[in-house]
Amino acid sequence: QKSVQALGLIPRPQSISMTSEKVDVSGNLDIAGGPFRAAAAHLAKQLQNITPAKHVATVPQLGIGYESAPGLTPDAYRIDVNVNGITLRASTEAGAFYATQTLVQLLTEPGTGKALLQRRSVLQGMTITDSPRFPWRGFMLDSSRHFQPKEDIFKWLDYMAMHKLNVFHWHLSDDDGWRIEIKSWPKLTEIGAWRGTECALPNTR
């Protein structure tokens, strides 16, 4: 139980079964996308942003492979970690993507100095099986009354993906507060962006 908690996976998967194996993940990781190339490409990109492990690898290369598992529900996945490599199984692209997010969390730990994330040196052997409890896993961001730079929006979307949230509710209009400029409907911002009786409306005649 303690070793499972130490993994720090958020949200916590439905099932984690640990083994006694120690898997060296500090060397090169050979990623094979199989039927889920987009998920594999995302994993490779994520690993580029992680500081390499300080540990000297005892295994020069470890394979990470994706496989199709038609028996799993659409958002479900399974991850097997053992000395022969890491295998991610899913029945859909969504499931493979969520498996990837879990694996990225598994492979990283807090870094030091400028390295916010650092690759773990060793993983315990394990099998993870997971599927969401709810089909709608939403996050609302209010940009109608509280404005954010574009870069912050992208960052929030990354956080959503990390935590396997799948519905983005973007609050862009609120009462007398229309915030999207649409060229073909100019009065939405000329009039709709202003608060009614509390301030003078612009003269649009």
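Predicted model: local features only at pLDDT ≥ 70, side-chain atom pairs only at ≥ 80, totals over all residues.

Biologist: How long is the polar contact that joins the side chains of serine 143 and glutamine 148?

Modeller: Residues are numbered from 1 along each chain as its sequence is written, and side-chain values use heavy atoms, with hydrogens and water left out. A polar contact is a pair of N or O atoms within 3.5 Å, where within protein one must be able to donate a hydrogen and the other to accept it, and residues adjacent in sequence count only if both atoms are side-chain atoms. For the side chains of serine 143 and glutamine 148, the value is 2.5 Å.

Biologist: Is serine 143 buried or exposed?

Modeller: Serine 143 sits in the loop between strand 9 (138-142) and helix 4 (150-162), where helices (H or I, at least four residues) and strands (E, at least two) are DSSP runs, numbered from the N terminus. Buried means under 20% relative accessible area, exposed over 50%, and partly exposed in between (1.4 Å probe, protein chains only). Because its relative accessibility is 9%, serine 143 counts as buried.

Biologist: Which residues does isoleucine 153 touch, not counting residues up to four places away in sequence?

Modeller: Isoleucine 153 belongs to helix 4, and its relative accessibility of 8% makes it buried. The C-alpha atoms of isoleucine 153 and serine 143, 10 residues apart along the chain, are 9.5 Å from each other. With contact taken as heavy atoms within 4.5 Å, isoleucine 153 touches, beyond four places in sequence, Leu141, Ser143, Gln148 and Trp170.

Biologist: What separates the C-alpha atoms of methionine 140 and histidine 169?

Modeller: Methionine 140, in strand 9, is partly exposed at a relative accessible area of 46%. Leaving aside neighbours within four places in sequence, methionine 140 is in contact with His169 and His171. Although methionine 140 and histidine 169 are 29 residues apart along the chain, their C-alpha atoms are separated by 4.5 Å.

Biologist: Which elements do the buried residues of helix 2 pack against?

Modeller: In helix 2 the buried residues are Ala39, Ala40, Leu43 and Leu47. They cover an arc (of the directions from the helix axis to the C-beta atoms) of only 100 degrees around the axis, so they are on the same side of helix 2. On the other side, Arg37, Ala38, Lys45 and Gln48 are exposed, while the buried residues pack against strand 2 (28-32), strand 3 and helix 3.

Biologist: Where is confidence highest in the protein chain?

Modeller: The protein chain has an average pLDDT of 87, and 86% of the residues score at least 70. Confidence is lowest in helix 1 (residues 2-6), at a mean of 70, and, at 98, highest in strand 4.

Notes. pLDDT = per-residue confidence, 0-100.
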